[in-house]
Each structure stands twice: as structure tokens, then as C-alpha cells.
Amino acid sequence: MMKNKLNVVWWVIGLVFLAFFPKLFGIYYTNVVVTMAIFAVYSLSVNMLLGYTGLLSFGQAMFFGFGGYGTALALTHIPGIGVLPAIGLGVLAAVALALILSPLVVRVSGTAFAMLHLAFGQLMYVLALKLYNITGGEDGIANFPVPGLFTESLKSSPEHFYYLAMVILGISTWLMWYMTKTPFGQIQVGIRDNAKRIDYLGYRVPQSKAVIYVLSALFAGVAGSVYGLFHNLVSADGSLGIGMSFTPIISVMIGGVGSFFGPILGVAIFQLVDELILRYTESTELVMGVILIVVVMFMPTGFMGLFRTLRQKISTRRTPEAKKEKA
Amino acid sequence: MNILETKDLKHSFGPLAVLFGVDLQIEEGERHAVIGPNGAGKTTLFNTITGTYHPTSGRVFFKGKDITGYKPYKLARIGIGRSFQITSTFTNLTAFQNIRLAILSKDGVRFNLLRPVEKMKKITEETDEMLKRINLYDDRNTPAASLSYGKSRALEISMALATNPELVLLDEFAAGMSKEETADAVALIRKLTEGKTVVIIEHDMDVVFSLADRITVLHYGKILATGKPEEIRNNQAVKDAYLGDLEV
Amino acid sequence: MDPMVSMYISQGIHGIAYGMILFLIASGLNIIFGMMGILNMAHTAFFMLAAYFCYVVVGITGNFWLGLLFAPLFTAVLGVVMERVFLRKAVGHMGELILTMGISFVIVAAIKKIWGTESLPLQMPEVLSGMVNIVGVTYPVYRLFVIGLALVILVFMLLLLYRTRLGKIVRAAVSDRDMVNALGININLVFMFVFGVGTWMAGLAGVAIAPILTVFPGLADQVGMDAFIVVVTGGFGSLLGAFIVSIIFGLLSSYGVQFVSQFAPVLMVVFMAIVLAFRPNGLFGVKE
């Protein structure tokens, strides 16, 4: 009970902090927080597949990009459309794509799943470049209107955009967290651990995978849509490129695969490292590559795994007697 | 009435035939053991019945209904469970979470995305009750990977039974167990399978003769004999083929 | 001969030449995957690296043949180093995929740093630079040379796999790694060798394609992606699958460019999707 109350206090402090953040830290850091929140939701969507079902996708940017393009197209071509319906249409586009692909992709796993998505991701990238009339080719779609909920436009008021983005992304994060607590979330963990046994217990594995796949696409779509609004630009390289598929994988790996909050920590660390290193080198590729190598070789369970090991060590040191009795 | 029946069940892996037409008959409510030397096709028989493989030919009937080629999840839903010779639990999940997955399936809670599973009182109670029955309540929060061998085997068997199947197939549940562990496991199975039909594959003849109501002897992919334990014990063909070597 | 027909034929040979290059890359990927269960995401980066090595060797010596000889060897050595130093530390398939992807990023970054992002021209040797007239169709000699080279490598590979003791060990290790280990054969050494040969083949393909497409940092993405699609469509680990699909893709891409130029790259992915819809593990793939 005490613990619960303490948790509530922490949550309230956190929310108040975020609410006053723009006032306290100014516009630059406010935008940093928005970027982090977008990539946090995006990385969580990847972790839904990778951490909770064991599916590694090299093409998650498809859904991120579809979210962005959907929203941008809606705002460009539908006069007077509100910002929420526009986001909704972007997310719908991502979900529709996932629904089309799901019958095919849930039948494979492991390496084939990863490669299949690499190929489909590349296809979408090429299509975005070639279908100039719809996507604007290499230039992408830019300068579309960004209406606010209560104001004409959010373009010149990043503070308002911050609140809109944070509420949408916050709700998304909460929904994903909630899902892991439901029976369905438990089944996903079971599939990651031992898909055969899940089958013998009476669950339909491909269907479960399909559901998680579509949900993952949904949240990637949300992230992509907000990202497009944030930059007021959706382009093939910015939203659909192969780098965009790997950024969230890196964050998930840094934070720790499979733990729910790991990816959020990973995003923060990755953004920080990226920011620091990019002062010395222009090459994001180099940064991403080195981080991937280091994480896989030296800390395969990420920072969350590191913390867990440390905590275990401390707690065993503290209560050696109790442990002995149990054993 | 026979709860499970196979008719002329055949299976081969490529050119290698393993089952040559098996007519297995399991009566409702009995405990039936399938024995036979290594390579006789016992596990393959289980696998063709429970949907791991589609049999090359022949049919499988459950309560008179043709279930040939049913996928495992479908068999689980109509009331057939199985355990595995090689422990196949969810190693990263706790004993509680392992059993809970079985209980959730039993209660038909599958695609529920709306309520936290912790808040489902009935599920938690049933799971804890099961853990108490199988003497794993003290290890409730231990990951399956950290359980002792005997306990992880108990968990393995209990997961097959926790979905509350009418018919359960246990593949060498006592494999690798010590004498005491085996005795515990036998007692556990007696307790948990009351009123259910059980088919076991087993090498340990003490277990077979103490647990089984009837025995089927499989030999090179064919049924050599079926009958009550004493009939099997006195069957000359069985003695020649199998028991003779073992009981010396 | 009718100029239309002659054009179709010459496009066909173009396609086969490209298909052969794809096959060289894909079969290298495939023998590594078949043997070690590792899909080397850095494979195409090595392929591109070889093209740059060749550019350097030709720049120093002025001799393309030396480039063809040495560039793939350098690449193979780097591949072996990667396998020994990095890959053995990776845990599980996911670790391997992500690690090799990281290495590929680093190689691409290094290439951009060292050689810049422009296209570097690579002169083909005099002998191969002309045109040849075959039954009324004029055709560049170099592409025929590429086809010939790939066929020689194919025959060499088959001989190695099916006629030597080493090939026997490799094939045995593909089906049962532990057994081979139990026989007292140093499996790590065999792995190293296989990894070297696979990377060497990628290097050969890189050198072969350099005079046609020039040398630039997008090479790995442009050709490499096609090679990965070949492997997925043909089936992981299947040399026959890689061969058939490479040829089909080569033809698809050359005729595709002619008829639906914009969407030629799309054709391959569509073909892949159709194949996988019916055979999730590829044309000749076995289950993982």
C-alpha cells in the first residue's frame, strides 16, 4: 500500500515536471523532449515485436513512414481537416499496411522475418521516391498545414505542439504498457519463450503474432505521424529509410530487450551519445554502427540488464542469511 | 466406449517408415501405458496423434470424431493435453506464470487486451490452488529455469493437466528422475488425473505396472499386444520381443 | 537481324550478366548461412569494399587483373578477421544479425570517409573493353567475361564441395555440426575457411561489377539489396535456389528497365512476395 502511494506521488511529480517543462527550460530543450518522446514510442513499438514476441524486423520504418505520409497527405489534400483526424488517418494507413502484410509475415520468423521486412521496407522506400505525384519524390511532402486543437496553426507555437504531442505519445506509451499486463501480453511473452508449448496449451500462435504485429504497426504509425507534424516534413530518407528502421533497434538494444521501460532509457542514452559524438563527426552511420557492435559484444542485455545484475548483487550481499535459508 | 482410437495409423519420415499401421484403442477413464523398445515409434505415435506431424495415412478419432491432422491448439481446445519428454516449459517465466498460461487457456481468456491479468481474481486463485496441489507454491515466483529437475518435471506435467483436458498424453514423465522423484511424480499423476483418461509412454516398468490399467506394447511401429498388466506380463510374444531383455 | 530482336537478345545477355553477379554475392551469403546459420548483413559491405580495393590496386599498378586477383583476397582476410574477432562474441541469431549490421554501417562510414561519396571510374582492361559480334548481335565483351567468370567460380565451388575432403567436411557440418566436431575436426578452422571463401566470392563480384557501375558508396545498397532478396526468395542456404532466382532477377531487372523503367526494382520485390506467399521459406528453403 505504501509503495502504491509512493508511486502515485512520483507519477504526479513527473507529470507536473513535464507540464512546466517548456516554461522552465525553453524551446530548445522542449523540442529535444518531443523528439525523445517520439522515438520512445517508436522504439516501444519495435520492442513489442522484438522483446515481447521475439520478432526482429528490419523494416519498421514502413509503418513509421506510412503514419507520416498518411497524415501529411490528409492535411495537404483534405481542406479543413483537424489535426486528430489527420493523425488518425496516418495511423490507419500504417495499420492497413500491417493488415495486408500480416498473413504473409506471421508464417515466418527469425532471419526470414527480418529479411522479409528489409526487402518490403526497401520496396516502400523506392516507391516513395518513384511515385513523385503522390509523395513528392526526394523532396517529400513539406509545408502542409498543422492545425491545432484550439488554434489555427501550431507551426509558430512549439509550446502548444509540445502539449499535443506529449499527450498523444503519453497515452500511446500507457496503452502499450497496459497491454503487457493483460492476458494477451502474457501470451506474447510465452510465444517468445516457447511458441510450441503455447500452441499445445490451446492458443493460436500465428493469430497472436498477427495481432501484435498490427498493434506494433499502429504505434509506429502514431510516432511517425507526430514526427511528420513536428518537422512539418515527411520524406523518403527522413521517414522511410533503412536508418529509420535501425534507430529504434539500437535504442531497444541499448536499453535492454524485453524490459518494458528499457527502450525509453535506450532512446535517452542514444540521443545523448548521438548529440555528443556528432560534434566530432558528421557520420551517423559510424555512430550507429559502433554502438550496435559494442552493445552486442559487451552488454547483450542492455542497461536494464546491467541494472538488474547490479541490483541482484547488492540484494544478495545484503541478505545472505535469508537466501541461504530459502535454498 | 473408446475415447481415443487410431485406425491403421502410418507415418514415415521420407523413405524411413516409423509407424506401420497402428490401431490404438484407449478406453474412457483408464490409465493406459504405451511401452516398447527404443525406436519402436512411441513418441512418433504421440506426435501424430497430437498434431506435431500429420500422419502419412490412417485416422485418429477422439470420442468418435475424426480429428486427424488437427493442429495442437485445436486439440487443446477440445480436451486433449500432452506433456513432453524433454521439459518444455516457459523458462524465463515463473512457476506461477507458467501455470497461469494454462489456466487462462482453460478459462478461454485468450485475446483479452482490456483487463490486467493480475486483477483477474479467479485466474490467480485457480493458479495458486494448482500450485499448492503440485507442491510448487513455495516456488511460486521462481523462474522455471531455476527449478530443480524434479520440480521442473512436475511443472511440465502440471501444465498439461492444468488446462483440464479429458485425455492427457504424458511422454516419459519420469525420464531422468531419481527413485524418490519418480514415486512423487506417480503420486502426483494419480492425484491430478482422477476421472481423466491418461496415456503414458514409459520405460520404467515399475511405473508402468503400478500406474497402468492397461498396456499396449509397440514393436517396430506395430502393436504387438494390448491388455491388462498381468496379461502383458505373461504374453510370450512380448516376453520374447521386449520384457525378456529387461527383466533378465 | 531485326534490330528489335537483336535488342531483346542483348538485353537478355545483360540480364544474365547481372544475374551472375547477384549469384556470386548470394552464393557467398548462402554457404556462410548454410554452414554457420549466420546471415552476414555485412556481406554486401564487403562486396563494395572489394570494388574500392580494386580501384586502389588499379590506381597503383594500372593493372585490372592484379585488382581482380588481390582485391577479393584482401576482402576475404578482412572477413575472416571480422568472424574471429567480433562474430564469435555475438549471442544468438539476433545478436549476429545486429552485430553484422553494425559492422556494415562502420564499413560504409569508413568508405565515405576515405574515398568520399563521388563515383570513381574504373577502367576495364583493353582486351575486354571492345564489342563482339555474335550471330548478328553486337555485344560488349566485358559482360560476357563476367558471365564466364561466374561460371568458372560456380564449377570451382561445385568441385570443391563435391570432390574434395574439405567439401565433404563442409557438407557434413551443414547437416550436423556436433558430429563433425566429435570426429576431431577443428570446426572453428572450417568455419573460418568457409567465411573466407564466402567473403572472397562477394569480393569477386564487387570487382566484376566495378567497371560497369563505377565505384560509389551506394553500391552496397543498390546491388546488395537485390542479393539479399535473391537469398530470401531462393531459400536460405540453397545454392540451386540462389542460382535460379539470380538469373530470373537479372532478366527481370534488364527487361524491367526496358519496359517499366521506373519500377524495375519493384518487380523483384513483387516476385519475392508472390513466391513467399506460397513458400514462406523460399523456393528451395528448408525450415529453420
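Two residues are in contact here when heavy atoms of theirs lie within 4.5 Å of each other. With that cut-off, and leaving aside neighbours within four places in sequence, B:Thr94 is in contact with B:Arg140, B:Asn141, B:Thr142, B:Pro143 and B:Ala144. The model is a predicted one, and the points below are grouped by topic.

- B:Thr94 is placed in the loop between β7 and α3 (95–106) of chain B, and its relative accessibility of 16% is under the 20% limit, so B:Thr94 counts as buried.

**The six-stranded sheet of chain B**

- An open sheet of six strands is found in chain B, in the order β7-β8-β9-β4-β10-β11 and with mixed pairing.
- The edges are taken by β7 (80–83) and β11 (222–227) of chain B, and because each has a single partner strand, one side of each is left without a neighbour in the sheet; from one strand to the next, the twist averages 15°.
- Within this sheet, strand β8 (residues 167–171) of chain B pairs with strand β9 (residues 197–201) of chain B in the parallel sense over five bridges, and B:Leu169 has B:Val199 as its bridge partner in β9(B).
- Helix α5 (residues 149–162) of chain B lies across β7 and β8 of chain B, and runs at about 170° to β7(B).

**Antiparallel pairing around β5 of chain B**

- Strand β1 (residues 2–13) of chain B and strand β5 (residues 57–62) of chain B run antiparallel and are joined by five bridges, with B:Phe61 as the bridge partner of B:Glu5 in β5(B).
- On β5(B), B:Phe61 also has B:Asp66 as its bridge partner in β6(B), where β5(B) and strand β6 (residues 65–66) of chain B pair in the antiparallel sense over two bridges.
- The hairpin of β5(B) and β6(B) has two residues between the strands, and B:Lys63 takes a positive phi near 50° there.

**Salt bridges**

- Over all chains, a search of the whole structure finds 18 salt bridges.
- One of them is formed by the side chains of C:Lys112 and A:Glu285, at 3.1 Å from N to O; because C:Lys112 lies in helix α4 (residues 92–115) of chain C and A:Glu285 in helix α12 (residues 284–298) of chain A, the pair joins two chains.
- A network of salt bridges links B:Lys106, B:Asp107, B:Lys122 and B:Glu126; within it, the closest N and O atoms of B:Lys106 and B:Asp107 are 3.4 Å apart.

**Features of chain A**

- A nonpolar surface patch of about 1100 Å² includes A:Val8, A:Val12, A:Val16, A:Phe17 and A:Tyr29 among its residues; A:Val16 lies in helix α1 (residues 2–53) of chain A and is partly exposed, with a relative accessible area of 42%.

Notes: Residues are numbered from 1 along each chain as its sequence is written. Chains are lettered from A and ligands numbered from 1 in the order in which they are written. This is a predicted model: local features need pLDDT of at least 70, side-chain atom pairs count only at pLDDT 80 or more; totals for chains, interfaces and linings use all residues. Side-chain values use heavy atoms; hydrogens and water are left out. Patches are made of residues with over 30% relative accessible area and no salt bridge: like charges are joined within 9 Å, nonpolar side chains (Val, Leu, Ile, Met, Phe, Trp, Tyr) within 5 Å. Accessible areas come from the Shrake-Rupley method with a 1.4 Å probe; for residues, only the protein chains shown count as cover. A salt bridge is a side-chain nitrogen of Lys or Arg within 4 Å of a carboxyl oxygen of Asp or Glu. Helices (H or I, at least four residues) and strands (E, at least two) are DSSP runs, numbered from the N terminus. Buried means under 20% relative accessible area, exposed over 50%, partly exposed in between (1.4 Å probe, protein chains only). Two strands pair if DSSP finds at least two bridges between them. Axes are lines fitted to C-alpha atoms, for helices over the stretch in contact, and angles run from 0 to 180 degrees between N-to-C directions.
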